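Subject: Structure handover

Hello,

Here is the structure I promised to pass on. Please open it first, then read the notes below.

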Amino acid sequence: MNQKKSFKFYIALWVAKFSTVILRILKRNATSFPGTIALKICPNFIGKIEKPKTIIGVTGTNGKTTTCNMINDILQQNKFDFINNRYGSNIDGGITTALLQGVTAIRGKSKKDLAVIEIDERSANKVFPYLTPTYLVCTNLFRDSLMRNAHTEFISDILNKYIPKDTIMIENADDLICSHIAEENKKLYFSIDKLPTDTDKFKNITRDIRVCPKCLSKLEYEYVRYHHIGKAYCPNCDYKSPQADYQVTNLNFKNMQMTVKSKEGEEIYDLVNDNIINIYNMLAVIIVLKQLKLSYKQINNSFAKLKIVETRYSKENYENYEIVTQLAKGMNPIACSIAFDYTKKQPGDKAAIIILDDLHEEANGSENTAWHYDADYEFLNDDSIKQVIVAGPRYLDSYIRLLMADIPKEKIIHEKDLIQATSMLQLDGIDKIFILHDLYSIEETKQIKQKVKEIIDQKEQETKRKGGRVI
């Protein structure tokens with residue numbers, strides 16, 4: 001509920017709105033600065049500002065940006081008028097800037113009925129005391145950066161303490177940690193039924209929940225998908241994976257479609273992407289859009305037009321090769337493991353170029369390299385991966401970890417300079433080049449991709465000079 005406005009609130013509103021105008025004149029994006037200014041002047045500004053009637057929040061360790069982007073794109077395609085923090089940060093300053101978009105400049109009256117807000121899970125204590133989402137998606141909860149998120153119990157405690165009781169939760173039923181957040185709240189669950197690739201054994205190094213939090217018995221799994229994702233139960237009490245309200249019952253990768261079963265029946269949706277994380281994200285998006293009364297036709301027609309943003313994933317056919325860029329998120333062992341596993345499972349012979357250093361934080365970055373040993377580098381030890389290239393300031397840490405994964409030395413190139421390392425790419429005997437990059441290495445990824453294209457061009461020219469013979 002919006003709090004009574006004070007003179008301090010109006011000063012914060014006017015200064016923030018004025019700063020937005022100045023930033024636009026200077027052709028700079030008003031991402032988090034206006035909101036940060038407002039909060040400095042009026043610390044409880046989020047609580048006082050008028051908000052849209054319906055607020056969709058998205059949080060979780062991995063996938064929240066992609067999920068929000070899909071929701072935003074589909075709402076825009078269907079002519080919804082709403083605010084979001086798509087181009088701003090997902091902490092309190094960026095969220096405040098987004099809310100400022102939706103109010104008048106003089107009185108701060110709400111102009112919009114809907115908001116889609118990405119919320120960093122670590123910032124719950126700064127946001128939820130002042131903002132009550134109508135619906136809150138929790139994509140998943142995994143261990144993350146040691147500098148920020150420490151461990152899932154730390155994040156779970158924050159979320160459980162601060163998520164408003166009136167918020168309807170939309171949670172991943174296959175994630176035992178995520179699905180038990182905000183236990184007293186009304187919930188909608190999504191899930192993917194057992195897949196042919198699921199097993200009864202854990203292939204990953206890390207598992208963030210091993211014993212029942214109620215009675216401390218060892219958890220049993222009907223099947224394991226990856227890490228702690230799957231269908232689990234406690235043999236000695238009632239703790240278990242919840243029943244899903246929306247469940248994928250069939251995945252058809254050949255036709256890029258999935259069948260979703262709910263109380264409304266079965267519906268077939270076009271897949272935006274074949275990565276399992278993005279299939280979970282799509283399920284969350286479907287539930288959100290159903291609550292906003294979009295029809296199956298509206299949702300699926302929009303899915304057919306969507307692409308994952310290039311900063312997260314891209315695929316390009318260039319000459320006779322396929323170049324794939326994929327976010328791996330340095331210091332996030334789960335995101336890296338999923339990217340490594342995805343690379344391994346793709347058909348064809350591959351080279352992998354890996355830049356996992358957080359170059360954005362290089363000067364003040366963490367010297368703790370423990371996360372490398374939680375990440376499954378072993379997935380890169382596969383006959384289909386012919387070459388692994390690691391580069392960046394901490395390239396030697398990655399090199400050591402690759403050796404510990406028993407990847408042969410002759411397959412590994414390790415150099416600090418990104419372009420110099422990429423220049424040693426060998427194209428003989430490969431079909432695809434995967435560039436696995438950190439969140440803050442987008443420009444460097446573009447440079448690496450351009451260098452890969454230059455190497456391919458050189459190879460093609462050599463082939464032509466040799467009379468079409470492949471060397």
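This is a predicted model: local features need pLDDT of at least 70, side-chain atom pairs count only at pLDDT 80 or more; totals for chains, interfaces and linings use all residues.

Which residues of H2 are buried? In this helix, residues 33-41, they are Pro-34, Gly-35, Ala-38 and Leu-39. Viewed down the axis of H2, these buried residues fall within an arc of 130°, so they line one face of the helix.

Next, the cores. In soluble globular proteins, nonpolar side chains tend to be buried together. The largest nonpolar core here has 74 residues. Those that touch the most other members are Ile-71, Leu-75, Ile-192, Met-258, Phe-303, Phe-340 and Tyr-377. Which helix gives the most to this core? That is helix H8 (residues 276-291), with 12 residues.

Strand S6 (residues 187-192) and strand S9 (residues 246-252) run parallel, joined by 3 bridges. On to strand S10 (residues 257-262): S9 and S10 run antiparallel, and 5 bridges join them. In this pair, Asn-250 stands opposite Thr-259. S9 and S10 form a hairpin, with 4 residues between them. In the turn, Met-256 has a positive phi of about 50°.

Last, a lysine in a loop. Lys-112 lies between H5 and strand S3 (114-118). Is Lys-112 buried or exposed? Its relative accessibility is 18%. Buried means under 20%, so Lys-112 counts as buried. What does its side chain meet? A polar contact of 2.7 Å joins it to the side chain of Asp-81. Not counting residues up to four places away in sequence, Lys-112 touches Pro-52, Lys-53, Asp-81, Phe-82, Ile-83 and Gly-102.

Over to you.

Best wishes

How values were computed
Residues are numbered from 1 along each chain as its sequence is written. Side-chain values use heavy atoms; hydrogens and water are left out. Buried means under 20% relative accessible area, exposed over 50%, partly exposed in between (1.4 Å probe, protein chains only). Helices (H or I, at least four residues) and strands (E, at least two) are DSSP runs, numbered from the N terminus. The arc is that of the directions from the helix axis to the C-beta atoms. A nonpolar core is a set of buried Ala, Val, Leu, Ile, Met, Phe, Trp, Tyr and Cys residues joined through side-chain atoms within 4.5 Å. Two strands pair if DSSP finds at least two bridges between them. A polar contact is a pair of N or O atoms within 3.5 Å; within protein, one must be able to donate a hydrogen and the other to accept it, and residues adjacent in sequence count only if both atoms are side-chain atoms. Contact means heavy atoms within 4.5 Å.
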